[in-house]
Amino acid sequence: MDSIWIKGGTRLEGRIPISGAKNAALTLIPCALLTDEELTLGNLPRLADVDSFAHLMNELGVTTKVSGKRGADHKRAMTLKADHIESTVAPYELVRKMRASILVLGPMLARMGESTVSLPGGCAIGDRPIDLHLRALEAMGAEIELAAGYVKASAPKGRLPGGDYSFPVVSVGATENAVMAAVLATGRTQLFNAAREPEIVDLCNLLVAMGARIEGIGTSHLVIDGVEGLHGADYEVMPDRIEAGSYACAAGITGGSIELVGARPGDMLAITNALAAAGLVTEFTDDGIKVSATGKLKPLAISTAPYPGFPTDMQAQFMSMLALAEGESYLEETIFENRYMHVPELRRMGANIDTRGRSAIVHGVEGLTGAQVMATDLRASMSLVLAGLAAEGETEVLRVYHLDRGYERLEEKLSAVGATIERRGG
Ligand code: UD1
């Protein structure tokens, strides 16, 4: 199995191009199910999760065609066409690999009047149920059956009537499924306490480009009037704010300076505010955001929250950076239980971190030392890469497949700003 090998201690400096957002791509791809016309998504990142989702779409009968036509800058486009849907079932083998497969439930139900998806099962960062996805679809008129590990949603009269639903907890995925189901309903849907992550704005903008009627985009109250049909579109995936934030932490932890080319400042204010509070200078440039270290890192108190709060997907990377801050930092993870699995590995590299339930205290240390480490999820793996970049000596991060799910050309991007990093086959 491949690993990432790093020789730490180099100050990173230069420019890193930010790829298309994984979490946006994973909700834009299933929109192809909503029309029999072509949907072309540009700026699509080359990631294992995107390939897995394309594979799932193929299983359902959707054709996918990838082109690198958008140039030598590695951008690629995918054209999807769902003019002939062969199956309305997302099987266990595919859903098991990628939880986001649940995002075919809403659009398939809207288009075909029924949809069956394997229940995703457990997940490394906590239980992650899908009850809110199902409650929202029920409120819009769907009938839901659970049997043999699968959930089947159907619209009794072929199309959903639409309806109102207030989410008891903010959920990105459940909001996405509900929006995709609502756009082809016969009537109006109102979603209250909807998630308002930039990826949901991206989803709504694509749907509007396909002919959907959505009001309140970017707010927690979405009003969706169903239309008779949607048409194709050509759409660019938004830049990945979590990838950008991760490389900002690479600048911070190595005392360096990195320009995040293509990053959108407006999507990242909670992250850039936290970087500034940690003593980094963040400048909004013509090309993106430049993040520069100025001296010792300052400790922080951070609590994760739904957008516009501090993203849970940045918690592990900030924790690595704060391991080298001058003083004690306090972190609270409010979104997922069991999202501190990087802590024992960071401790093996010399970090001094105490956790209790969802809280963590990071006692800053003078330096980290390289080690062989592994993590059980994507962002945790990135926190270990960051620690390795700052550590004295060599670090080997095992289970690279986690990183390949969400970081495009990681070694290449970090090498280009001066890191000594390579992928090694094992
Ligand atoms: C998405 C992101 C993930 C990010 C998360 C929170 C994708 C592909 N993934 O995940 O990277 O960490 O948002 O920003 O976009 N919940 C329920 N019932 C449900 C659904 C969720 O109780 O039916 C709970 C979850 O357990 C969690 C919270 O709601 O505690 C938020 O989860 P949610 O926003 O749904 O996360 P995902 O959409 O799975």
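Start with cavities. The count comes to one cavity of 30 Å³ or more. The rule uses a 1 Å grid over the protein atoms alone, and a cavity is a set of points where a 1.4 Å probe fits but cannot get out. Grid points are joined across faces, edges and corners, and the volume is the space filled by probe spheres set on the points.

A word on the source. This is a predicted model, where local features need pLDDT of at least 70, side-chain atom pairs count only at pLDDT 80 or more, and totals for chains, interfaces and linings use all residues. Residues are numbered from 1 along each chain as its sequence is written, and side-chain values use heavy atoms, with hydrogens and water left out.

Back to the cavity. The largest cavity holds about 40 Å³ of space. What lines it? Ala21, Lys22, Asn23, Glu199, Asp240, Arg241, Ile242 and Arg379 do; lining residues have an atom within 4 Å of a point. Helix H1 (22-28) and helix H8 (241-254) are the elements that give two or more residues to this lining. Helices here are DSSP runs (H or I, at least four residues), strands likewise (E, at least two), numbered from the N terminus. By class, the lining has two nonpolar, one polar and five charged residues. Asp, Glu, Lys and Arg count as charged; Ala, Val, Leu, Ile, Met, Phe, Trp, Tyr, Cys and Pro as nonpolar; the others, Gly among them, as polar.

Next, helix packing. H10 (residues 315-322) and H12 (residues 378-390) pack at about 20°, axes 7 Å apart. Axes are lines fitted to C-alpha atoms over the stretch in contact, and angles run from 0 to 180 degrees between N-to-C directions. H10 and H12 are therefore roughly parallel to each other (angles under 35 degrees). H10 gives Ala316, Gln317 and Ser320 to the contact; H12 gives Arg379, Ala380, Met382, Ser383, Leu384, Leu386 and Ala387. Contact means heavy atoms within 4.5 Å. Six of these residues are nonpolar, three polar and one charged. Arg379 also lines the largest cavity.

Val172, Thr175, Glu176, Val179 and Met180 of H6 meet Ile200, Leu203, Cys204 and Leu207 of H7. That contact divides into seven nonpolar, one polar and one charged.

Last, the backbone. Which bond joins Tyr307 and Pro308? A cis peptide bond, with omega about 10°. Pro308 sits in the loop between strand E18 (301-303) and H10. Ala148 has phi near 50°, a positive value in a residue other than glycine. Ala148 lies in the loop between strands E8 (143-147) and E9 (150-154).

Methods
Angles under 35 degrees count as roughly parallel, over 145 as roughly antiparallel, 65 to 115 as roughly perpendicular and the rest as oblique. On a 1 Å grid over the protein atoms alone, a cavity is a set of points where a 1.4 Å probe fits but cannot get out, and a pocket is an open set with protein on both sides within 12 Å along at least five of seven lines; lining residues have an atom within 4 Å of a point.
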